[in-house]
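Colleague: I have not seen this structure before. Could you take me through it feature by feature?

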Amino acid sequence: MSDLYSECLVKKEPTPKDAAVKYGMIFLIVVFVAGGLFLMPILLLGAVALGVAAYFVIPGTDLEYEYLFVNGELDIDKIMAKSKRKKARTVNLTEADLIAPVNSHRMDYYNENNQMKVFDYSSGNPGHKRFAAIVREEGQTCKIIFEPDEIMANAIKKSSPSKVFLD
């Protein structure tokens, strides 16, 4: 018996919030450096502190998600600034309640539930075909949004044909 295997890489599109954080931090660093050089040297310490904070915050604004689907299990990795990789989540899709496109009528009941935790691991572009998996984690229902390519979507459908809808 062959394994169901597929992988996909999706780049998260930058949001206005990401741009504001990135350029706002750079602007503040420049202001503190200029203020430290021309007004009060103590402001240079603030520039250094902001520089250290920017080192950790700015890579989080350039994200990619890598999906790896093997025999009913979806591993999602977050890649920051094309250099740091972090495991975001592992989901057993064979135990999911439902997997369908986010805007599908099959998701109407879940889209109206405001108490549900939502984890978005997609590009964020509503024009792309994004899927949602309804899973139970630690006794709570969660919606995991991801954006597989056509090959991965078909592999997921083959693993759980009664729970997966590709409408």
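**Strands, salt bridges and a surface patch**

Modeller: This is a predicted model. A place to begin is strand E7 (residues 131-137), which runs antiparallel to E8 and is joined to it by 7 bridges.

Colleague: What holds paired strands together in general?

Modeller: Strands of a sheet pair through backbone hydrogen bonds, in either the parallel or the antiparallel sense. Here, isoleucine 134 has lysine 143 in E8 as its bridge partner. The hairpin of E7 and E8 has 2 residues between the strands, and glutamate 138 takes a positive phi near 50° in that hairpin.

Colleague: In which sense do strand E6 and E8 pair, parallel or antiparallel?

Modeller: Strand E6 (residues 117-121) pairs with E8 in the parallel sense, over 5 bridges. Tyrosine 121 stands opposite phenylalanine 146 in E8.

Colleague: Is strand E8 largely enclosed or open, and why?

Modeller: Burial is judged by relative accessible area, with under 20% counting as buried. Strand E8 (residues 140-146) has 6 of its 7 residues buried, so E8 is largely enclosed by the rest of the structure.

Colleague: What is the strand order in the open sheet of 4 strands?

Modeller: The order is E1-E2-E3-E4, with antiparallel pairing. Strand E1 (5-11) and strand E4 (84-92) are the edge strands, each pairing on one side only. On average, neighbouring strands of this sheet are turned by 15° against each other, direction ignored. E1 and strand E2 (residues 63-70) run antiparallel and are joined by 7 bridges; the bridge partner of serine 6 is phenylalanine 69 in E2.

Colleague: Which strands does helix H4 lie across?

Modeller: Helix H4 (residues 150-159) lies across E1, E2 and strand E3 (73-80), and runs at about 40° to E2.

Colleague: How should I read the salt bridges?

Modeller: Look for a side-chain nitrogen of Lys or Arg within 4 Å of a carboxyl oxygen of Asp or Glu. The structure holds 10 salt bridges. In one of them, the side chains of arginine 85 and glutamate 66 meet at 2.5 Å, N to O. Arginine 85 is in strand E4 and glutamate 66 in strand E2, so this pair ties together parts 19 residues apart in sequence. Glutamate 66 counts as buried, because its relative accessibility is 19%. A network of salt bridges links Glu66, Asp75, Asp77, Arg85 and Lys87.

Colleague: How far apart in sequence are the parts tied together by arginine 136 and aspartate 97?

Modeller: Their closest N and O atoms are 3.2 Å apart in a salt bridge. Arginine 136 lies in strand E7 and aspartate 97 in the loop between E4 and strand E5 (98-101), so the parts they tie together are 39 residues apart in sequence. Arginine 136 is exposed at 58% relative accessibility, whereas aspartate 97 is partly exposed at 31%.

Colleague: Where do arginine 106 and aspartate 167 lie?

Modeller: These two form a salt bridge, with their closest N and O atoms 3.2 Å apart. Arginine 106 is in the loop between E5 and helix H3 (108-111), and aspartate 167 is in the segment after H4, so the pair ties together parts 61 residues apart in sequence.

Colleague: Which residues form the nonpolar patch on the surface?

Modeller: Val33, Leu37, Phe38, Leu39, Met40, Ile42, Leu44 and Leu45 form it, with about 870 Å² of accessible area together. Helix H1 (16-38) and helix H2 (43-57) are the elements giving two or more residues to the patch, and H1 gives the largest share, 3 residues. Methionine 40 lies in the loop between H1 and H2, and counts as partly exposed because its relative accessibility is 45%.

How values were computed: Residues numbered from 1 in each chain as written. Predicted model: local features only at pLDDT ≥ 70, side-chain atom pairs only at ≥ 80, totals over all residues. Heavy atoms only, no water. Patch = residues over 30% accessible without salt bridge, like charges linked within 9 Å, V, L, I, M, F, W, Y side chains within 5 Å. Areas by Shrake-Rupley, 256 points an atom, 1.4 Å probe, with all protein chains shown as cover. Buried < 20%, exposed > 50% of the residue type's maximum accessible area, 1.4 Å probe, protein only. Pairing = 2+ DSSP bridges. Axes fitted to C-alpha atoms, helices over the stretch in contact; angles between N-to-C directions. Contact = heavy atoms within 4.5 Å.
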